[in-house]
Amino acid sequence: MRGTLIGTDYLYQGDDVKILEMNTNSAIISKGVQYLDLTPLFQRINDGIITEFHFIYSEAMTIGRDNGSTTFLDALQQKCDDLGITFEKHEVSSDAVTIPNVEDSNTKFVLRQAYDASAIVDSLYCNDKMEFLDLMSGSDDIPESYYSSSDGFFGNTIDLDTDIGELEPNGIVKSRYPAYDVEKYPSIKRYGTEEELTSDINNLESEDYIIQEFLTDAKNFVDGRSVVMRSFDIIYAHNLEIISLGGYRMSSNVPMSFADTAFEDDGITFDSLSRTKYITKALAEKQKIPYHTDDESDILMIDGSIGNISTIQVGDTITSTLFELISGSEHTGEPSDDYLEHYGSMTMTTDTLSTTGSELQSIVSQSMNTMFVKATFSDNTFMVDSPTSEVYIKTSGSAETTQFEFVNKLLVGDSILYYNSGSDAITSKEITNLEMVWQEDVTIYNLDFEPYDYFLVDSKQGDGTFSIMHNACNYCGSPWAPCGNYWCDNNCGYAGCTGGGFGGK
Amino acid sequence: MRQNRTKEIISTEIHPLLSADKSKLDTIFAEIIEKIKEKHLS
């Protein structure tokens with residue numbers, strides 16, 4: 001028996017709930033798994049006939065974006081173990097459009113959480129919003145919409161509501177298909193008149209875009225953030241029976257109070273920051289590259305000079321630090337099975353510290369508007385850095401323990417460790433406050449230095465100190481860390497990734 | 001010992017569905033599937 005897991009997003013409008021979209025490769029955020037109910041699924045499976053559970057999944061959608069665990073997959077496996085059912089995983093890459101063939105039989109339940117272009121539900125109703133709107137045409141369960149395409153789709157049911165606050169959205173422009181410019185779409189609108197809506201309709205980027213009413217209701221906000229309801233259901237067997245797993249509400253990355261609403265020059269389109277308050281996609285989904293530094297970064301070169309990130313060239317040699325860790329020693333150039341759990345100490349770092357050269361192998365950049373993290377130190381200086389930058393720190397609450405950590409996971413009480421190029425000493429600054437800051441038109445970079453992964457970024461305190469940063473992994477080409485850890489490690493399941501943060505990563 | 005951290009500064013917050021929400025979503029999803037069945041299985 002075959003089943004397909006479908007994630008569907010909904011919003012309230014008054015007492016009505018309306019569908020935004022549905023997907024077969026819908027992400028399940030790890031911390032949301034606790035709100036799903038697997039009981040109906042396993043009540044159906046535990047019939048004494050099914051002995052094998054096959055799970056076909058896109059790893060990028062199964063592993064939580066919020067931490068490194070495979071919570072949903074683990075929950076399925078545990079249930080199977082409890083019932084004595086054999087559990088078998090079939091992983092596909094995040095951009096796969098086909099799935100491996102698992103032969104069906106009465107003794108198998110084959111669950112798919114991945115896109116399959118050969119399946120009607122996927123290719124028509126998940127991949128194509130116009131197909132879905134056409135399917136649901138006449139239903140009160142979809143937002144009022146305008147769409148028109150040369151392949152025969154047309155709808156225009158928008159009854160513009162201008163009887164709302166001047167800063168409240170009443171329209172949204174979306175792409176028909178999943179591949180679109182995430183910096184621009186969905187584009188959120190506040191139309192003041194019918195003429196403005198008509199003008200937008202006439203000036204859509206192409207016929208592959210639709211305009212819908214923006215669904216407004218107080219129930220679409222929790223703790224000052226906009227939220228979307230996401231349910232998960234399994235359709236199975238030839239007659240498309242349904243197993244409901246429940247769902248959760250997921251919020252935007254920033255609260256509504258983060259910034260005042262402002263518009264682009266047209267006075268209709270919400271500007272980039274204002275739009276962010278309504279977008280519930282995970283931050284990393286916006287990024288095309290797993291960046292770890294930005295155009296403000298100056299790097300210590302091997303000759304002691306400072307090279308700006310925007311001018312450094314492939315083949316240039318930078319200064320890299322070497323020091324031993326208590327666990328995980330990948331800086332030596334040898335793959336390390338235990339880097340995932342790596343940590344060190346202040347004493348060991350200081351006692352074993354030396355420097356060497358490492359060569360830039362590749363550099364990738366992307367310009368974007370995005371959220372960064374501002375860390376303020378006890379001396380009132382601060383650093384602003386990208387959330388996926390990985391820096392060497394002394395951990396909060398410890399006088400000795402050190403580790404590399406992502407800026408997005410820093411804690412108040414952590415100390416950023418600095419290398420002093422004049423004295424070769426290690427100094428530290430304790431973080432006293434952490435906050436989000438919006439960055440306009442920032443250029444972000446992904447660098448790959450080999451054979452040593454550490455590079456030194458000028459603290460710009462004028463004292464010759466440099467923070468110690470680590471290569472990010474982009475081997476899998478994913479826009480976020482599908483392994484859940486941002487860095488290369490041996491648990492990365494992508495075909496061809498050997499883990500360890502070495503050559504080619 | 002490494003501190004393995006799950007909390008992030010920039011992060012999506014997750015909340016449970018209200019029980020009234022769940023029944024509404026179940027009803028609407030069933031309508032979607034019914035329409036797909038009408039179009040492709042009938």
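Of the 42 residues in chain B of this predicted model, 29% are buried, a residue being counted as buried if 20 or more other C-beta atoms, placed from the backbone, lie within 10 Å of its own. The C-alpha atoms of chain B fill a box of roughly 60 × 25 × 20 Å along the principal axes, and the chain contains 1 helix and 1 strand, where helices (H or I, at least four residues) and strands (E, at least two) are DSSP runs numbered from the N terminus.

Contacts with chain A involve 32 residues of chain B and 51 residues of chain A, two residues being in contact if their C-beta atoms, placed from the backbone, lie within 7 Å. On the side of chain B that touches chain A, β1 (14-16) and α1 (19-40) each supply at least two residues, and the largest share, 16 residues, comes from α1(B). By class, this side of chain B has 14 nonpolar, 6 polar and 12 charged residues, with Ala, Val, Leu, Ile, Met, Phe, Trp, Tyr, Cys and Pro counted as nonpolar, Asp, Glu, Lys and Arg as charged, and the others, Gly among them, as polar.

Strand β13 of chain A (residues 241-251) runs antiparallel to β1(B) and is joined to β1(B) by 3 bridges, pairing of two strands requiring that DSSP find at least two bridges between them. Within β1(B), B:Ile14 is the bridge partner of A:Met250.

The model scores ipTM 0.94 and pTM 0.85. Chain B averages a pLDDT (the predictor's confidence in each residue, from 0 to 100) of 91, and 100% of the residues score at least 70. Because the model is predicted, local features need pLDDT of at least 70 and side-chain atom pairs count only at pLDDT 80 or more, whereas totals for chains, interfaces and linings use all residues. Residues are numbered from 1 along each chain as its sequence is written, while chains are lettered from A and ligands numbered from 1 in the order in which they are written.

Terms used:
A residue is buried if 20 or more other C-beta atoms lie within 10 Å of its own, exposed if 12 or fewer, and partly exposed in between; C-beta atoms are placed from the backbone.
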